[in-house]
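Subject: Structure handover

Hello,

Here is the structure you asked about. Please open it next to this email and follow along.

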Amino acid sequence: MKFLVTGLNGTVAPVLAVRLRRDHHDVAGWDRARVSPDDRDACNAYIAQQQPDWVIHLAMGSPDWAAEMAATCLGRGIRFLFTSTVSVFDGSRSGPFAREQEPDARDEYGRYKAECERRIRHANPDAIIARLGWQIGDAPGDNNMVDFLARTHREKGGVEVSSGWIPSAAHLGDTVEALYALCCDGPAGLYQLEGNPGWTFFQIATELNKRHGNAWNIVRKEEPRRDGRMDEDRVTMGKLDARFR
Ligand SMILES: NC(=O)c1ccc[n+]([C@@H]2O[C@H](COP(=O)([O-])OP(=O)(O)OC[C@H]3O[C@@H](n4cnc5c(N)ncnc54)[C@H](OP(=O)(O)O)[C@@H]3O)[C@@H](O)[C@H]2O)c1
């Protein structure tokens with residue numbers, strides 16, 4: 001198959017591209033300097049020229065861009081997958097959050113992603129929307145939990161982590177496998193890719209610290225106390241236990 005993937009300079013997309021190429025799929029990127037997301041005709045022409053089987057939209061960018069691509073894909077018989085976030089739910093509430101619950105984010109990022117979801121669903125009922133938790137990569141340097149821990153330690157001399165908070169999280173490798181599986185046989189709809197079977201942030205940070213040579217000063221705190229995970233029963237998703245074994 002041919003995949004047109006946005007956000008290849010980001011965190012998730014390059015790992016997905018490697019996974020797809022390993023199975024001999026074609027992967028094309030989206031150079032925003034050449035094809036502006038604000039230029040509707042240029043976007044449509046680019047998708048038409050590429051003729052992908054899938055558009056995988058992992059980049060940030062406007063809800064207009066997301067909705068326009070979703071509509072173009074529907075019109076051309078191209079499948080469309082968009083990654084959203086657990087942050088569409090109000091992070092001050094305790095979960096686990098069900099798929100059916102209305103997004104109620106109060107912060108800008110969560111409201112922006114919820115708006116993208118809404119616009120995509122309206123433009124393309126055949127789309128797949130996959131909500132992700134906090135991604136755990138193997139090294140600092142991009143938008144993942146390891147980078148957060150390393151950066152916070154560097155900037156503050158220590159990282160305060162709650163032993164009462166169970167974050168929505170997944171290893172990047174497991175997320176990419178689940179996204180690929182959705183492309184292979186996932187029906188249209190909304191999915192929540194949860195990889196945390198119940199580890200608290202303190203437990204995860206301690207485990208990651210061990211793997212990174214105990215380089216960070218992890219400071220345990222008791223607050224906040226809540227479950228930030230998402231419910232999902234339709235996706236087989238690798239869990240953190242297997243990664244930390
Ligand atoms: N990483 C996580 O922990 C996490 C958690 C939950 C959800 N997600 C979601 O998963 C998707 C991928 O995440 P990620 O961590 O790979 O993101 P990321 O590392 O922040 O990368 C996002 C990419 O989006 C593109 N981009 C940035 N600003 C843009 C703009 N103004 N307009 C259009 N494109 C822009 C850039 O790619 P190009 O320069 O290649 O265009 C950038 O590398 C995102 O939708 C994110 O919301 C990620």
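Which residue in β2 stands opposite Leu-4? It is Ala-28. Before the rest, two notes on reading the model. It is a predicted model: local features need pLDDT of at least 70, side-chain atom pairs count only at pLDDT 80 or more, and totals for chains, interfaces and linings use all residues. Residue numbers start from 1 along each chain, as its sequence is written.

Strand names follow DSSP: helices are H or I runs of at least four residues, strands are E runs of at least two, and both are numbered from the N terminus. Strand β1 covers residues 2–6. Of its 5 residues, 4 are buried, so β1 is largely enclosed by the rest of the structure. Buried means that 20 or more other C-beta atoms lie within 10 Å of the residue's own; exposed means 12 or fewer; partly exposed is in between, and C-beta atoms are placed from the backbone.

β1 runs parallel to strand β2 (residues 26–29), and 4 bridges join them. Two strands pair if DSSP finds at least two bridges between them. Between β1 and β2 the chain passes through helix α1 (residues 12–22), and this β-α-β crossover is right-handed. Right-handed means this: with the strands pointing away from the viewer, the path from the first strand over the helix to the second runs clockwise.

β1 also runs parallel to strand β3 (residues 54–57), again with 4 bridges. There, Phe-3 has Trp-54 as its bridge partner.

**Two domains**

The protein is divided into domain 1 (2–135 + 170–193) and domain 2 (137–166 + 197–229). These bounds come from an automatic or database domain assignment. The C-alpha centres of the two domains lie 27 Å apart. In all, 10 residues of domain 1 are in contact with 9 residues of domain 2. Contact means that the C-beta atoms of two residues, placed from the backbone, lie within 7 Å. The side of domain 1 that touches domain 2 has 4 nonpolar, 6 polar and no charged residues. For these classes, Ala, Val, Leu, Ile, Met, Phe, Trp, Tyr, Cys and Pro count as nonpolar, Asp, Glu, Lys and Arg as charged, and the others, Gly among them, as polar.

**Around the ligand**

How many residues surround the ligand? There are 21, and the closest are Asn-9, Gly-10, Thr-11, Gly-61 and Gln-135. Helix α1, strand β4 (79–85) and strand β6 (134–136) each supply at least two of the shell's residues. Domain 1 and domain 2 each give at least three.

**Strand β7**

In a regular strand the side chains alternate between the two faces of the sheet. Look at β7 (residues 159–162). Val-159 and Val-161 point to one face and are buried. β7 pairs with strand β11 (residues 218–221) in the parallel sense, over 4 bridges. In β11, Val-219 stands opposite Glu-160.

**Backbone details**

Where are the cis peptide bonds listed here? One joins Gly-95 and Pro-96, with omega about 0 degrees. Pro-96 lies in the loop between β4 and α4 (108–123). Another runs from Glu-223 to Pro-224, with omega near -5 degrees. Pro-224 is in the loop between β11 and β12 (226–227).

His-24 is not a glycine, but its phi is positive, near 65 degrees. It sits in the loop between α1 and β2. His-24 counts as exposed because it has 7 C-beta neighbours inside 10 Å. Asn-214 also has a positive phi, about 45 degrees, and is not a glycine. Its loop lies between α7 (201–211) and β11. Asn-214 is exposed, with 10 other C-beta atoms within 10 Å.

**One buried tyrosine**

Last, find Tyr-191 in strand β10 (residues 189–193). Is Tyr-191 buried or exposed? It has 24 C-beta neighbours inside 10 Å, so Tyr-191 counts as buried. Leaving out residues up to four places away in sequence, Tyr-191 touches several others, including Ile-128, Leu-182 and Glu-232. Arg-234 is 43 residues away along the chain, yet the two C-alpha atoms are separated by 7.6 Å.

Best wishes

Terms used:
Near = placed C-beta within 6 Å.
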